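The following note sets out numbered points on the structure shown below. It is intended to be read alongside the coordinates.

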Amino acid sequence: MKYMIMTFGSAEAGLATMGKEWMLEMIQFMHNLDDDLRKSGELVSAEGLADGSQAKTVRFENGISVATDGPYAESKESLVGYWIVDVEDEDRALAIASRIVDFVKVPIEVRRVMDAPPDF
Amino acid sequence: MRSDARTEDLLRELAPQVLGALVRRHGQFDMCEDAVQDALLAAAQHWAEQGIPDNPRSWLLTVASRRLVDRWRSEGARRRREETAALLEIPEQGRSAAEHDDTLSLLFLCCHPSLSVSSQLALTLRAVGGLTTAEIASAFLVPEATMAQRISRAKESIRSTGARFELPAKSEQADRLRVVLHVLYLVFNEGYLTSTGPSLNRADLTAEAIRLSGMVHALLPAEGEVAGLLALMLLTEARRAARTLPDGSLVPLDEQRRDLWDRSMIEEGVALLTRTLGTTAVGPYQMQAAIAAVHDEAPSAAETDWPQILALYDVLERVSPGPVVRLNRAVAVAKVHGPRAGLALLGTLDDDERMKRNHRLESVRGHLLELAGDLSAARDSYQRAARMTASLPEQRYLALRAARLA
């Protein structure tokens with residue numbers, strides 16, 4: 001079953017405020033994590049997103065769709081990156097997320113991808 | 001590459017036999033498996049150009065043996081002795097008695113209990129089903145590199161656990177066979193998700209599960225549950241064309257166009273079941289097949305023999321008790337004794353931890369509440385179920401169901 005593991009945040013709250021040591025460790029950590037998931041045959045995809053401050057939001061206004069600068073959510077709640085993993089069960093997805101949380105110390109969201117067969 | 005259907009069928013049929021023969025001779029399941037895949041690809045190419053050889057099995061065995069030697073060579077000279085032995089070996093003529101066991105041993109190995117379920121599925125489809133890694137990856141909607149890694153890890157753990165290429169001891173065989181059947185059942189289930197991949201779509205997975213189950217049934221004709229599983233698959237697959245609309249939305253059983261059901265598949269499933277029932281101990285697959293058969297044989301939803309289905313669920317719950325069986329039995333109870341009786345039975349599942357996160361309890365409850373005329377409670381149940389399911393078509397179906405009652 002597939003799960004999306006999502007990290008949220010913004011530049012102010014994240015990278016920029018951390019020291020050099022931590023950042024180097026973080027880069028190594030992410031590299032190792034992706035590598036492990038690739039080797040275990042669980043990684044479907046992983047992407048990082050440009051900072052939320054660079055986002056545009058398309059809204060329906062006065063009967064038409066209009067693009068405006070800025071993210072939809074508060075920039076500190078904006079999606080930063082995600083992994084999609086294909087794992088044995090939810091426990092395994094949570095274990096992967098825990099490994100990330102143990103390092104980054106910020107909450108991570110884990111959601112099932114809709115890939116289950118229907119019952120009928 | 002494998003456009004010719006006859007060639008493809010033949011290759012897939014021969015794949016486990018050739019692999020079995022190779023492993024029996026040399027051991028080293030993982031390397032033999034790679035060599036056979038190479039040989040299958042070579043065959044698909046050569047046979048398309050030059051036609052199928054007189055003895056395709058020998059052809060494959062010879063090419064696979066050569067590829068095995070190539071692989072040993074590339075590993076260095078440490079296998080010089082086996083290499084020579086493999087070269088001197090004359091390709092098998094005819095079929096040995098051990099061959100019957102080879103395919104089974106292969107299945108038991110690929111479905112080894114030490115492997116994760118996803119590894120069991122992938123390995124079975126490749127080593128026994130003869131599918132390529134790319135085909136399996138596309139069926140499970142993951143990148144090819146991910147699937148390749150999964151398969152190679154599975155082979156690695158077979159090597160490290162020291163699992164042997166042989167039939168399990170008599171005392172273990174029933175348990176091991178249960179794992180094999182579960183894997184085939186899951187392959188079939190995966191095929192339920194209607195989605196199109198480039199080379200192998202999910203519909204082909206159900207066909208593959210039926211083909212492999214048919215093969216196991218031919219090898220173990222006296223095993224009632226093998227026949228039961230095969231019959232269950234046939235009787236379920238028969239409804240495929242009626243189960244979804246062209247836009248992918250689901251059609252529940254009682255609203256399906258029965259003229260779209262595949263009659264010959266139903267007859268095949270019913271005949272198989274009739275031959276099987278009563279010859280061995282009753283098991284869950286046989287019972288589920290029997291229930292599917294009652295549905296399939298009803299000329300219309302209204303003419304369904306629900307008392308018969310309820311009786312079968314009673315037996316099923318006895319041989320294989322569990323919340324999901326109880327849930328399905330509640331539907332039959334509702335049809336026979338009224339929706340309130342069904343709802344009462346559902347109530348016994350409310351405190352069951354295993355059902356806490358299962359959307360089916362709420363979706364069945366919604367259905368029974370709707371039958372009982374309690375429309376607003378039915379709508380709530382459908383909406384709860386829609387939030388809980390991990391199936392997109394089912395979520396849409398349930399949301400639509402709720403919207404209809406608004």
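1. In this predicted model, K105(A) sits in the loop that joins helix 2 (90-104) to strand 6 (108-112) of chain A. Its phi is positive, near 65°, although K105(A) is a residue other than glycine. Most residues other than glycine have a negative phi. K105(A) counts as exposed because it has 7 C-beta neighbours inside 10 Å, and the cut-off for exposure is 12 or fewer.

2. N62(A) belongs to the loop between strand 3 (56-61) and strand 4 (64-69) of chain A. With 5 other C-beta atoms within 10 Å, N62(A) is exposed.

3. Chain A as a whole contains two helices and six strands, arranged from the N terminus in the order β-α-β-β-β-β-α-β. The C-alpha trace of chain A spans about 55 × 50 × 20 Å along its principal axes. Of the 120 residues in chain A, 17% are buried. When contacts in chain A between residues at least 6 apart in sequence are considered, 70% of them link residues at least 24 apart.

4. The contact between the chains draws on 16 residues from chain A and 26 residues from chain B. On chain B, at least two residues each come from helix 6 (117-128), helix 8 (144-161), helix 9 (170-190) and helix 20 (392-404). Helix 8 of chain B gives the most to this side, with five residues. By class, the side of chain B that touches chain A comprises 13 nonpolar, seven polar and six charged residues.

5. Two of these contributors, helix 6 and helix 8 of chain B, also pack against each other, at an angle of about 95° and with their axes 9 Å apart. The two helices are therefore roughly perpendicular. Helix 6 of chain B brings S118(B), S119(B), A122(B), L123(B) and R126(B) to this packing, and helix 8 of chain B brings M147(B), R150(B), I151(B), R153(B) and A154(B). Five nonpolar, two polar and three charged residues make up the contact.

6. What angle do helix 16 (residues 323-337) and helix 18 (residues 359-372) of chain B make where they cross? Their axes come within 10 Å and cross at roughly 5°, which means that helix 16 of chain B is roughly parallel to helix 18 of chain B. The residues in contact are L327(B), A330(B), V331(B) and A334(B) from helix 16 of chain B, together with R360(B), L361(B), V364(B), L368(B) and L371(B) from helix 18 of chain B. Eight of these residues are nonpolar, none is polar and one is charged.

7. Helix 19 (residues 375-388) of chain B has 14 residues and extends 20 Å from its first C-alpha to its last, close to the 20 Å expected at 1.5 Å a residue. Its buried residues are A378(B), S381(B), Y382(B), A385(B) and A386(B). Viewed down the axis of helix 19 of chain B, these residues fall within an arc of 140°, so they line one face of the helix. That buried set packs against helix 18 and helix 20 of chain B, while the face turned away from the buried side carries the exposed residues S376(B) and R387(B).

8. Helix 11 (residues 224-237) of chain B also has 14 residues and a reach of 20 Å, close to the expected 20 Å. For helix 11 of chain B, 14 of the 14 residues are buried, so the helix is largely enclosed by the rest of the structure.

9. Helix 2 (residues 29-50) of chain B has 22 residues and reaches 30 Å from its first C-alpha to its last, close to the 32 Å expected at 1.5 Å a residue. Its buried residues include the charged E33(B), along with F29(B), M31(B) and W47(B) among others. Helix 2 of chain B is followed by G51(B), whose phi is positive, near 85°.

10. Not counting residues up to four places away in sequence, Q17(B) touches R57(B), E99(B), D102(B) and T103(B).

Technical notes:
Residues numbered from 1 in each chain as written. Chains lettered and ligands numbered in written order. Predicted model: local features only at pLDDT ≥ 70, side-chain atom pairs only at ≥ 80, totals over all residues. Contact = placed C-beta atoms within 7 Å. Helix = DSSP H or I, 4+ residues; strand = E, 2+ residues; numbered from the N terminus. Axes fitted to C-alpha atoms, helices over the stretch in contact; angles between N-to-C directions. Parallel < 35°, antiparallel > 145°, perpendicular 65-115°, else oblique. Expected span 1.5 Å × (residues − 1). Buried ≥ 20, exposed ≤ 12 C-beta atoms within 10 Å, placed from the backbone. Arc of directions from axis to C-beta.
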